[in-house]
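Work through the exercises below with the sequence and the model open. Each task is followed by its solution.

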Amino acid sequence: MFKRSVLYLLGLLQVVVFLAAAVKPAHAYVDPGSGLLAFQVGGSMLAGALFVLRAKIRKLFGRGSTAKTEAEGQSETRTSGLPG
Amino acid sequence: MMAGALAAIETFRDPAGSLRVEGERVRRRVRPRYARAALDFLESDLAREWVSKGQLIATTVAGGRDRDGELLLEHPRIFFPSYPWEWTPGAWVAAAELTLDFCENLVGRGLILKDATPLNVLFEGPRPVFVDVLSIEKRDPENPLWMAYAQFVRTFLLPLAAYRYLGWPLAASLQRRDGYQPGDLYPHLSFIQRWRQPLRTLVTMPHLLEKKQGKAAGGMKLAQDPAVAEAVLKRNLRRLRAALEALKGEERESQWSEYAASADHYTTNDHEQKKTFVRRALVEIGPQHVLDLGANTGVYSRLAASVGASVVAWDTDLTASERNWHQASEERREVQAVIADAARPTPAAGWRNAESLGLLDRAYQRFDCVMMLGLVHHLLISDQIPIGEVAGLLRDLTTRWAIVEWIPASDPRFAELVRGREEIYGHLDEAAFVTAMERYFVSVQKERLKNGRALYLLERR
């Protein structure tokens, strides 16, 4: 039971770390909104994660240009490595 | 009445600089710390390309920096600035598309728009022109967010959504400089509307997120790898474009939109005779700038454009103006269709009533020819404007010519409007019309149509 919970937790953590990017204070000239900004943040995190995942799958099957795969590989490392 | 001079104050919201209209010149001051970036952009290939295509306002550097180190720029004045509250739905969509196109192009070059409001766009004919060159700033390559995303949604997409789904007029943007919040629309939508696109993305999700986390939860940004950030940002812009696409729609028919086709008080001959008179008059006088008052779907606006004039077309009917705008846009005619009422002109708006000018202040003595076809009887009867005042308005608007159609009391349309008030309007005959016009104009040509209507070419005294 404990082992399973730890596994779930680790899985969850992996997803969170995968999606998360560094959150910094914004310096906007116009009102960035709150609900609309939160929606954009959520969508951007998901899209970023999907982008990296797609690159990883392409790499696994040996598709895509070398340069692109390299850049996307770096993105993955960077995004994953950022604090949540 | 009209002030006769442009009284707009210097703009003040943008920390990067300000803008003032001085006669035919538009002068922009750029604060020292933003000057280099502004020049870099203006000298870029993108800026040159957009200016050459007429999508970005031309800019010249007006001398060096002044004593305070501010950079002085100059733009040509857009002949007749119209505001979003006077635009047709098609013009709103065109302005939004231009803003997204511009932003997408900037992103590829390491730049971005720091704001995204319809007020950054003006129209030349049916073409939108991006006029705020200080809206461009350097993009943080790690940030996948567009900080003006919410403003774009509030000021472009939500007014369009409110118009399409709730019938709220786009003209209400006069009183909403920052557009609508998702929560403004949410309570008025049905359950199904809330969960269908594009309203799920534009209204429901943002509104529920805001309710959950509170209004002060904004002010953050993400940092992703530059390649990911750019791809995500472009995806966000594509999604906004998809939402905009979903908000396009067919206009319903209105009382006036089918007027030209259903004008049974005109025979084909009458139509042709009227067109021939107007075309001949326009060719003879060769005006540069024509104002078509009561333009309807723009039959005569396009006729004036076809003889070389640039035309501003006012009409109160949204559907008719929308058709005029679309046709001008498709045929690339120099016609700017504006929803405007000569009898209840758009007021000045904004801080101290001086940020946006009233309709008549923008039009005062701007046109060398004003056409008033099939409108006089509406002003006299529906709006109860005295004939002398109508003549006075024409004098204020035109520097020289006017082409005016007189509709006699025997005309079925005149009778429809009078509806039992013959006693009040019985004195309104052609002689009273001529007397009123002759106070300011000389009649140069006149032609009577077979249906009894009369066309006049007038020249200012």
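**Exercise 1.** How many bridges join strand S10 of chain B to strand S11 of chain B, and do the two run parallel or antiparallel?

*Solution.* The model is a predicted one. Locate S10 at residues 289-293 and S11 at residues 310-315 of chain B. Five bridges link them, and the strands run parallel. Within this pair, Asp292(B) lies opposite Ala313(B) of S11(B).

**Exercise 2.** Find which strands stand at the edges of the open sheet in chain B, each with a single partner strand.

*Solution.* Start with the strand order, which is S12-S11-S10-S13-S14-S16-S15 in chain B. This is an open sheet of seven strands with mixed pairing. Strands S12 (335-339) and S15 (441-448) of chain B each have a single partner, so one side of each lacks a neighbour in the sheet. From one strand to the next, the twist averages 15 degrees. Helix H12 of chain B (residues 318-331) packs on the sheet and touches S11 and S12 of chain B. The direction of H12 makes about 160 degrees with that of S12(B).

**Exercise 3.** Describe how helix H2 of chain A and helix H8 of chain B cross.

*Solution.* Residues in contact include Gly43(A) and Phe51(A) from H2(A), and Val228(B) and Arg235(B) from H8(B). By class, this contact has six nonpolar, five polar and one charged residues.

Conventions. Residues are numbered from 1 along each chain as its sequence is written. Chains are lettered from A and ligands numbered from 1 in the order in which they are written. This is a predicted model: local features need pLDDT of at least 70, side-chain atom pairs count only at pLDDT 80 or more; totals for chains, interfaces and linings use all residues. Two strands pair if DSSP finds at least two bridges between them. Helices (H or I, at least four residues) and strands (E, at least two) are DSSP runs, numbered from the N terminus. Axes are lines fitted to C-alpha atoms, for helices over the stretch in contact, and angles run from 0 to 180 degrees between N-to-C directions. Two residues are in contact if their C-beta atoms, placed from the backbone, lie within 7 Å. Ala, Val, Leu, Ile, Met, Phe, Trp, Tyr, Cys and Pro count as nonpolar, Asp, Glu, Lys and Arg as charged, and the others, Gly among them, as polar.
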